[in-house]
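Please read it with the structure open beside you.

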Amino acid sequence: MSVNITFLVITGVLLAAGFYLVLERTLTRVLLGIMLLGNGVNLLILTTGGRRGVAPLFDSSRDPSEYSDPLPQALILTAIVITFAVTAFLLAMIYRSWALTSADIVADDTEDIKVSQSTAYDEEEDSPVAEDTTEFVDEEGRPIREGEE
Amino acid sequence: MNFLELSPLAVLLPIFGAGAAFLARRRLRTQRLITIGILCLTMVLEVGMVAAVWGGESYAIHIGGWDAPFGIALMVDGFSAFMLLISTVVSLAVLLYATSQGLADGDEPGPVSVFHPAYLILLAGVSNAFLAADLFNLYVGFEILLTASYVLLTLGGTAERIRAGTTYVVVSVVSSVIFLMAIAMIYAATGTVNMADLAVKLPELDQGPQLILHVLLLIAFGIKAAVFPLSLWLPDSYPTAPAPVTAVFAGLLTKVGVYAIVRTETLLFPGGTVNAALLVVATLTMVIGILGALAQTDFKRMLSFTLTSHIGYLIFGVAVGGPLAIAATIYYVGHHIIVQTSLFMVAGLIERRAGSANVTKLGSLAKLSPALAILFFIPAINLGGIPPFSGFLGKFGLLHAAAADADALTWVVIGAGLLTSLLTLLAIIRVWARMFWRRAADAEVPSAQLVAESTRVLEQTAVGGAQAPHLGRKLARELEAESLPWGMRYATGSLVVAGIALTVFAGPIFAFCQRVAAELIAREPFINAVLPLS
């Protein structure tokens, strides 16, 4: 199988740009990143389909090198549909997020921040226990402690 | 009737059910009936499937009459049938819980009525992933369940859920992209995506490309299974969803990832080349997860951390390999699905009963709501691995298998496993002591409602005195019935009973898991069933 180096380079660039954009906090950029990622991967699948310029039509009388593999194209079609659905959903979510907060960024998790700021000291578990908590008393009413007789 | 022939229905029934439920979106009663009916039918079908493969048979279905490796094949063996049945049992319990909650709240027809269709589609995706004998079909299964889960996670579209949903969607999409890259490269290297065909052809590749493909698949599945360091998205996104949604996600979604990892390690790359790395990852997953759980004050977040932590045990079992370890892993997956789901359902009940699931606000619940205390206690100590429950049996099997032939690294992981078990117990005890045992007035942020109610119960007990000590308990029961619809309590209870059944019938179930594990490790049953010619 001959490898098309142009396709591979473009795939690499698309994926690198996509992953970079996904790491942004601005949701619109994240969306663009996801679209680039989807296209990059589709191109990668396309390169597995063999020679370009031949039709993906199978006929048993023909030599396998004279037609290209139809399966990657079927895979890409499915992947395109899925990327489309996810993009639509993300757009709706971004719009909703913007409508709610009028900001286009991923917000912090408040509970997460609360936990990270809390101290290791815990009132209930770590506070010193009062000495005289025994309910056993001797005849004069003094508490009996361990080791005393 | 041959249930194995009918197994594609495990995917088709929920899909068509989702369509019907969506058409009936203005008629809530019909919609509920459809969803529950479909799930019951699916469960009957899957009981039949499990019975048919109980002895260790494998059966492949070639969709549309196209023979593998060209057509799409579905695979029913012990592992997939077991996972299918458990997932349907759990989702049925959660569905009854959600329905009862919806009935009690009188959910209005509006955006919320997409819950039932989305739920069925989620289940169809999960079933498809379990049945797939084809990497691309597995990918499609993942995408179906993920897309449905996006909808369920952001149900209602509040600011908090949209925030959680963003993290979840982006992480899931990235993992799908990595999975798709792996599929493309595997196809370029071998010219097939059929798993049985791959099992034959992948070992013929050079070591270098094999390792790359292997690691790519593991990263993709590791994100879905929430394996450290790819697990940090989970505690951020799960707790904000509605209680039934979190419960079913916690039970099923990560386990689909674990299922895929088990298939990858046993069928596609059986050499165990990355086992040492998996052991390290398993240790980190267990220990860091449980340390995270100890730091939480929100009960649902704590449960999310224990969820990721215990995924470590499953990875541990996979990394140890061998029939006993794989059998214990399969058993532990079943245990983990049921226990985590029931705990999240209990968290939902607590939130409903007390107005919050934050332990700093709770107290007196053992007195106020004894039924809730029992429902919490059984799965909680089961999670902590207290004998005789299934958590103990699963962990014992795993550690026993690991210790049989252990090197220094494995001993470290065994130690980490024991430590994690202890710390889980500590986390559980702390929650128990705070939410159930202490007085509501002693809470860090006392809740006025709980304080008032516990005072009333105590007064009633005092009024009754020695003659009628049950007066206080009666009032507690009335208060409980007011806030918790019986359907929610019974649905949770039935899942807790299912967890106990996993313990009571551990003998036959574990023997079944051992047969399944032997089959997985042998690989021939799968390959021969899918590729009849070879």
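1. The end C-alpha atoms of residues 132-423 of chain B lie 37 Å apart, and this span is 80% helix and 0% strand; helices (H or I, at least four residues) and strands (E, at least two) are DSSP runs, numbered from the N terminus. An unreviewed UniProt entry places the feature "domain: NADH:quinone oxidoreductase/Mrp antiporter transmembrane" at residues 132-423 of chain B; UniProt positions are given in the numbering used here, feature names are shortened, and annotations may be inferred rather than shown by experiment.

2. This is a predicted model, in which local features need pLDDT of at least 70 and side-chain atom pairs count only at pLDDT 80 or more, while totals for chains, interfaces and linings use all residues. Residues are numbered from 1 along each chain as its sequence is written, and chains are lettered from A and ligands numbered from 1 in the order in which they are written.

3. The secondary structure of chain B comes to 22 helices and two strands. With a radius of gyration of 23 Å, close to the 24 Å that the globule rule gives for 534 residues, chain B is as compact as a globular protein of that length; the radius is taken over C-alpha atoms, and the rule is 2.2 Å times the number of residues to the power 0.38. Along its principal axes, the C-alpha trace of chain B spans about 80 × 60 × 45 Å.

4. The axes of helix H8 (residues 207-225) and helix H10 (residues 243-268) of chain B come within 7 Å and cross at roughly 155°; axes are lines fitted to C-alpha atoms, for helices over the stretch in contact, and angles run from 0 to 180 degrees between N-to-C directions. H8(B) is therefore roughly antiparallel to H10(B) (angles under 35 degrees count as roughly parallel, over 145 as roughly antiparallel, 65 to 115 as roughly perpendicular and the rest as oblique). The residues of this contact of H8(B) with H10(B) divide into eight nonpolar, three polar and one charged.

5. Helix H15 (residues 370-384) and helix H20 (residues 486-504) of chain B pack at an angle of about 30°, with their axes 10 Å apart, and H15(B) and H20(B) are therefore roughly parallel to each other. Among the residues that make the contact are B:Leu375 and B:Ile378 of H15(B) and B:Val496 and B:Ile500 of H20(B). By class, this contact has six nonpolar, four polar and one charged residues.

6. Some backbone details deserve a check. A cis peptide bond joins B:Phe228 and B:Pro229, with omega about 0°, and B:Pro229 is found in the loop between H8 and helix H9 (233-237) of chain B. The loop between H8 and H9 of chain B also holds B:Ala226, which has a positive phi of about 60° although it is not a glycine. Another cis peptide bond joins B:Pro387 and B:Pro388, with omega about 5°, and B:Pro388 lies in the loop between H15 and helix H16 (390-404) of chain B.

Definitions and conventions: Ala, Val, Leu, Ile, Met, Phe, Trp, Tyr, Cys and Pro count as nonpolar, Asp, Glu, Lys and Arg as charged, and the others, Gly among them, as polar. Two residues are in contact if their C-beta atoms, placed from the backbone, lie within 7 Å.
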